[in-house]
Amino acid sequence: MYFSLFLDKNAPFFFMAKSFTIMVHLGGLCELGEIRLEGITKKFDDFVAVDNVNMIIEDGKLFSFLGPSGCGKTTILRMIAGFETPTEGRIYIDGLDITDLSPYKRPVNTIFQNYSLFPHMRIFDNVAFGLKIKNLPKNEIIDRVERILNIVQMFDQKHKYPNQISGGQKQRIAIARALVNEPKVLLLDEPVSALDLKLRQKMIIELMNIHDLFSITFIYVTHDQGEAMSLSDKIAIMNHGKIVQIGLPDDIYERPNSIFSAHFIGDTNLISGTVKAIHEDYIEVETGFSQNNEKILLDSTYTQDVSIGEKITLSLRPEKIAVSRRSPGSQSDFNILKGQIEDILYLGTHTQYIIKVGDQLFKVFSQHKKVYFDDTALDWEENVFLYWHDTDSFVIKEENFEKQELGIGSQELRDKRIEANGKRQKGVK
Ligand code: ATP
């Protein structure tokens, strides 16, 4: 099959550097790979590294496993690649049971963190290696290797050795070496984690574009939330060997289904409460914290079934809260609270405020915009209003959570910090 590709000269990534049309013989590359994991468990002796995972990764998607160190992401990847055997369960690619197939017979290629290029081989031979092992005719090997090197814009570097090219170029070669085998699925185990921030960002854009170009399934493992959010079509959040949530990046961020997801992706304020009233599109929640010894009612959205009297947790992202000396006035769909500034931290792109309302601490991120109500910067211990739209606080159906340490330390430490600063550090306008 032939595939025609027009590349725009203004596009930012490497293979779009020049305007040209190429004809790419994609062969098996266009075949997609849907992966089904059915009851997959992996034990190392008594330790359960992956715990009864059931899921489908749709063909052609760029899918990420995201979770803290040791949660079982790499073990899942290694089982799909065939480097580990599941203790229980079956793995299917496009409906074919591959659980007992040896790694080299699977339509899968893996790119490891360090790219594992052979240092003594030139770039061309690194890419050709898999095809030579398969004993393909010499002409076919040359055709396929040159074609893929053209696509990743490394053709003119083909005589170099790996130590003569940059980290980003090594990644391109590792991808070329995997794609030249025409896999249905490409497995990527933290492929950019060894690179510096700027190069990482560039490589992520390149990976996304290579994925769009080839349309095969990419499975990406990372513990970096930003990376997963920016490149994935879908994300699976893992913890202790289990899948906690699967969804689109923005769904997971805007509507985490658990306290773990809410905390793992981004930052959040958790508020415990009891459902007091249920309306058509919002609920009233009596919170666990008080202001002037009165319980506070908040309006919030809910997507899950809740009942009156049920104890729940509200999640509210710090950037969704506005803070000001002035009240926004009565707004029927705003929650408005009065609080006092406990701590101010300047973070460059924004200022972080810790604000006390009754006995609850709120973390608030405020961007440095001149268009807010206050003419001068907010100061420590000032009385302020904090307010947010009621669709921004939402229900998580878990009752108990560990109170988050908000990093302001004891009163004594805080006072010392103010004293040591001489002048109090203020928020920035
Ligand atoms: P990281 O982000 O740190 O790479 P991960 O989520 O990829 O972590 P895994 O490498 O899948 O985690 O490991 C999951 C758990 O299984 C860890 O506790 C790890 O120590 C354990 N584990 C992995 N491989 C083995 C092994 N061969 N023998 C014993 N325990 C193992």
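Two strands pair if DSSP finds at least two bridges between them. Helices (H or I, at least four residues) and strands (E, at least two) are DSSP runs, numbered from the N terminus.

## Basis of the model

This is a predicted model, in which local features need pLDDT of at least 70 and side-chain atom pairs count only at pLDDT 80 or more, while totals for chains, interfaces and linings use all residues. Residues are numbered from 1 along each chain as its sequence is written.

An open sheet is formed by five strands in the order 17-21-18-19-20, and the pairing is antiparallel. The edges are strand 17 (322-324) and strand 20 (360-367); each has a single partner strand, so one side of each is left without a neighbour in the sheet. On average, neighbouring strands of this sheet are turned by 40° against each other, direction ignored. Axes here are lines fitted to C-alpha atoms, for helices over the stretch in contact, and angles run from 0 to 180 degrees between N-to-C directions.

Strand 17 runs antiparallel to strand 21 (residues 383-389), and three bridges join them. A322 is opposite Y387 in strand 21, and S324 has F385 of strand 21 as its bridge partner. Strand 21 also pairs with strand 18 (residues 334-346), in the antiparallel sense and over seven bridges. Here Q340 stands opposite N383 of strand 21.

Another open sheet has four strands in the order 4-3-6-7, with antiparallel pairing. Strand 4 and strand 7 (96-97) are at its edges, each with a single partner strand, so one side of each is left without a neighbour in the sheet.

Strand 3 (residues 35-44) and strand 6 (residues 88-93) run antiparallel and are joined by five bridges. L37 has I91 of strand 6 as its bridge partner, and E38 is opposite R90 in strand 6. Strand 6 and strand 7 pair over two bridges, again in the antiparallel sense, with D97 of strand 7 as the bridge partner of Y92. These two strands, strand 6 and strand 7, form a hairpin with two residues between them, and D94 in the turn has a positive phi of about 50°.

Ala, Val, Leu, Ile, Met, Phe, Trp, Tyr, Cys and Pro count as nonpolar, Asp, Glu, Lys and Arg as charged, and the others, Gly among them, as polar.

## Helix 2 and its packing partners

Two packed helices are described by the angle between their axes and the distance between the axes. Helix 2 (residues 123-133) packs against helix 3 (residues 138-151) at an angle of about 135°, with the axes 10 Å apart. Helix 2 is therefore oblique to helix 3; angles under 35 degrees count as roughly parallel, over 145 as roughly antiparallel, 65 to 115 as roughly perpendicular and the rest as oblique. The crossing of helix 2 and helix 3 is right-handed, a crossing being left-handed if the near helix is turned anticlockwise from the far one by less than a right angle, and right-handed if clockwise. Helix 2 contributes F124, V127, A128, L131 and K132 to the contact, and helix 3 contributes I141, R144, V145, I148 and L149. Residues are in contact if their C-beta atoms, placed from the backbone, lie within 7 Å. The contact of helix 2 with helix 3 has eight nonpolar and two charged residues, and no polar ones.

Helix 2 also packs against helix 4 (residues 167-179), at an angle of about 30° and with the axes 7 Å apart. Helix 2 and helix 4 are therefore roughly parallel to each other, and their crossing is right-handed. I123, N126, V127, F129 and G130 of helix 2 meet I173, A176 and R177 of helix 4 in this contact. The residues of the contact of helix 2 with helix 4 are five nonpolar, two polar and one charged.

Definitions and conventions: Two residues are in contact if their C-beta atoms, placed from the backbone, lie within 7 Å.
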